[in-house]
Amino acid sequence: MIALQQVSKSFGPPKSRFLAIDSVSLCIKEGDIHGIIGASGAGKSTLLRMMNALERPDLGEVKVAGRSLTAMRNSQLREARRSIGMIFQHFNLIGNRNVAGNVGLPLELAGIPKRERLKRIEEYLTFVGLSDKIHQYPAELSGGQKQRVAIARALVNQPKVLLCDEPTSALDSQTTADILDVLSRINEKFGVTIVIVTHEVDVVNRICKHVSVMDQGRLIDTYPVEADI
């Protein structure tokens, strides 16, 4: 489903480049829940952002569902990203849009007719347990509710892949458990391949089927979750 082949990425001016990702190869199978874990600065989020070409590698290739993102033009990438949802640590909701407006935004950008938009908004808000919050605004929601809205927004395009960048690190332990349960149900019900960047071993142990460990831009190893990490 997701294949990274010898990808590298550097940042900064030519004379003092920082090597954030160093020749990483990784294969994530369809239907997996795959964790990427490591210390701050290990390159986890940069690697995740390569999986939807928000960061393009300096070297190497990224394929999703057999299609090379690194070979695509911008117009092709926009279409490809509709099958790749993403959620973030700090939710990234639009404050002056209500819940329905936030969830429906990707559908508006994709030109989906209003009737279909409303149907999908209601469907996915019901799935994440927020159908009663449809007219509220982000400022009126708790952190866990905001993340559920962000998850519903990521699902409305019915993606094949869901990329999660530290999705629970801003939440308390009970809310974290609730969000991880939602992600597990997404994987089970819709067959979505999920990749989770985290520094929390408990998150990996609770939800992931496989985990990759990164350190200083390198992929150290990949394990089934049952193995000691």
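Which exposed residues does the face of α4 turned away from its buried side carry? They are Arg115, Lys119 and Glu122, where exposed means over 50% relative accessible area, buried under 20% and partly exposed in between (1.4 Å probe, protein chains only). This is a predicted model, in which local features need pLDDT of at least 70, side-chain atom pairs count only at pLDDT 80 or more, and totals for chains, interfaces and linings use all residues. Residues are numbered from 1 along each chain as its sequence is written, and side-chain values use heavy atoms, leaving out hydrogens and water.

**Helix α4**
- Helices (H or I, at least four residues) and strands (E, at least two) are DSSP runs, numbered from the N terminus.
- The end C-alpha atoms of α4 (residues 114–127) are 20 Å apart, which agrees with the 20 Å that its 14 residues should span at 1.5 Å a residue (1.5 Å times one less than the number of residues).
- Arg120, Ile121, Tyr124, Leu125 and Phe127 are buried in α4.
- Those buried residues fall within an arc of 150° seen down the axis, so they line one face of the helix; the arc is that of the directions from the helix axis to the C-beta atoms.
- The buried residues of α4 pack against α3 (99–109), α5 (143–155) and α6 (173–190), with contact meaning heavy atoms within 4.5 Å.

**Strand β1 and its partners**
- Strands β1 (residues 2–11) and β2 (residues 18–28) run antiparallel, joined by seven bridges; strands pair if DSSP finds at least two bridges between them.
- Lys9 has Ile21 in β2 as its bridge partner.
- Six residues lie between the strands of the β1 and β2 hairpin, where Gly12 takes a positive phi near 105°.
- Five bridges pair β1 with β4 (residues 59–64) in the antiparallel sense, and Glu61 in β4 is the bridge partner of Gln5.
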